[in-house]
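Thanks for coming. Please have a look at it first.

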Amino acid sequence: GRRASGACYISSVIAEPGVIAHRSPFDQVQFGELDGRASERAQAIETAFKRTPVTTERVKDVRVAIWQKYLALASFAGVACVSRQPIGAIRSDPDLRALLLESLEELAALGRKQGVALPADAAPAALAKFDTFPEAMKPSMLMDLERGARIELEALTGTAVRMGRAAGLAMPVSSFLYAALKPQMNGGAG
């Protein structure tokens, strides 16, 4: 049958067992039917979200929304964890900024290879969005790494490496980030 999907932008952490702390101004949801059609279900979801303070957008091509989030999250998480730096330090250091952009470009190319109609400026647009983030912002994967917890390396960077190999794409940045972070994947001393 038809399926709906979406991307959620929210920065939160587990403050304690059973308590999730939302510590940032980000609270956006993008959603739609995977086949791109308008549906009663999508309209019902949109109506339900309008009763909340969450910023919501029904999108025509939800696969683009999912990949835009994936390439931004995977790139930011990987570069932040390798450098142990928040976004402010990454974007102000020319070498780290270049690494972040290279990662974004690599993942955008992978998305396009998967048939996703990402805009030509997907990577620079993501970088421009990072320029608006609070300087101290860290991805949850870096917060997990800093506290010695298991990190989402397989789901984020490992997926890119595997998909790239299967598609015949060289994934040098993702492969580097994956190899460098693999020893900390299951937690322990960062």
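This is a predicted model. Start with Ser 174, which has 2% relative accessibility and therefore counts as buried, since the cut-off is under 20%. Ser 174 sits in helix 8, residues 172–181.

What does Ser 174 touch, leaving aside residues up to four places away in sequence? The list is Glu 106, Leu 107, Thr 157, Ala 160 and Val 161.

Two of those names take us to helix 4, where Glu 106 and Leu 107 are among the buried residues. Helix 4 covers residues 94–113, which is 20 residues. From first C-alpha to last it reaches 28 Å, close to the 28 Å expected at 1.5 Å a residue.

Other buried positions in helix 4 include Leu 96, Leu 99, Leu 100, Ser 103 and Leu 104. An α-helix has 3.6 residues a turn, so residues three or four places apart point the same way. The cover over the buried residues of helix 4 includes helix 2, helix 3, helix 5, helix 7 and helix 8.

Now the two ends. At the start of helix 4, a side-chain oxygen of Asp 93 comes to within 3.0 Å of the backbone nitrogen of Asp 95. Just after the helix, Gly 115 has a positive phi of about 90 degrees.

Finally, the whole chain. It has 8 helices and 3 strands, in the order β-β-α-β-α-α-α-α-α-α-α from the N terminus. Of its 190 residues, 41% are buried. Among contacts with a separation of 6 or more, 67% are between residues 24 or more positions apart.

Conventions
Residues are numbered from 1 along each chain as its sequence is written. This is a predicted model: local features need pLDDT of at least 70, side-chain atom pairs count only at pLDDT 80 or more; totals for chains, interfaces and linings use all residues. Side-chain values use heavy atoms; hydrogens and water are left out. Helices (H or I, at least four residues) and strands (E, at least two) are DSSP runs, numbered from the N terminus. Buried means under 20% relative accessible area, exposed over 50%, partly exposed in between (1.4 Å probe, protein chains only). Contact means heavy atoms within 4.5 Å. The expected span of a helix is 1.5 Å times one less than its number of residues. A polar contact is a pair of N or O atoms within 3.5 Å; within protein, one must be able to donate a hydrogen and the other to accept it, and residues adjacent in sequence count only if both atoms are side-chain atoms.
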